[in-house]
Amino acid sequence: YTLVSRDTDEMFYSTKRQQYLVDQGYTFKVVTSLPDRGTDSVLYGPDKELKLLQDILTSHLQKEEEAEERAIKDAAKDGIDVTKRKIEVTKLSGADGKLYFEYDAPSADAGSKKRHKLFKARANRQKKVRS
C-alpha cells in the first residue's frame with residue numbers, strides 16, 4: 001500500500017507503479033477519500049494504521065449493504081416479497097457435511113496401470129537425468 005499526496009512529484013511515479021501492477025496482472029484500488037475517522041487524523045503506530053487500512057478495504061462493503069437494504073425496501077413497496085438470510089458457503093457449494101481427503105498417487109514404478117509409450121519414455125528420461 002502506498003500513500004501519495006496530490007499535486008506532487010510522487011504522483012508521476014505512482015502512475016508508473018499502477019501501470020506495472022496492471023502489466024503484471026495485479027489489480028489495485030485508488031482511494032480518493034478516506035472513511036470518516038473524526039478528529040483522530042494522525043496515526044500513531046501500526047495498530048491504528050492497520051485499523052485505517054481495514055476501514056478502507058471494508059468501506060465498499062458498507063455501501064453495498066446499504067444499497068441492498070434500499071433495494072429490499074423498494075421491492076417491498078412494489079409488493080415483492082424479499083427475504084434476506086445468511087448461509088454458509090459450504091451449503092452453496094453442495095459440500096455441506098462432506099469431507100475432502102487427498103491421497104498420494106501411486107508411483108510410476110508400481111506398474112499396476114498401463115501407461116502410454118510417450119509417458120513411459122518421458123519417465124525413463126527423467127530417471128536417467130536424476131541418476
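V30 is exposed, with a relative accessible area of 52%. The label follows because exposed means over 50%. This is a predicted model, and the value for V30 is computed from it. Where does V30 sit? Its place is in the loop between α1 (10-23) and α2. Together with V22 and F28, V30 makes a nonpolar surface patch. The patch covers about 260 Å².

Now turn to charged side chains. Side chains of opposite charge can pair when their charged atoms come close. How many salt bridges are there? The count comes to two.

Take R17 and E10. Their side chains meet in a salt bridge, at 2.9 Å from N to O.

Next come K51 and D55. Their side chains also meet in a salt bridge, and the N to O distance is 2.9 Å. Both residues lie in helix α2, which spans residues 46-77. K51 and D55 are four residues apart, about one turn of the helix.

K51 has a relative accessible area of 41%, so K51 is partly exposed. D55 counts as buried, at 19% relative accessibility. Why buried? The cut-off decides: buried means under 20% relative accessible area, and D55 has 19%.

Methods: Residues are numbered from 1 along each chain as its sequence is written. This is a predicted model: local features need pLDDT of at least 70, side-chain atom pairs count only at pLDDT 80 or more; totals for chains, interfaces and linings use all residues. Side-chain values use heavy atoms; hydrogens and water are left out. A salt bridge is a side-chain nitrogen of Lys or Arg within 4 Å of a carboxyl oxygen of Asp or Glu. Helices (H or I, at least four residues) and strands (E, at least two) are DSSP runs, numbered from the N terminus. Buried means under 20% relative accessible area, exposed over 50%, partly exposed in between (1.4 Å probe, protein chains only). Patches are made of residues with over 30% relative accessible area and no salt bridge: like charges are joined within 9 Å, nonpolar side chains (Val, Leu, Ile, Met, Phe, Trp, Tyr) within 5 Å. Accessible areas come from the Shrake-Rupley method with a 1.4 Å probe; for residues, only the protein chains shown count as cover.
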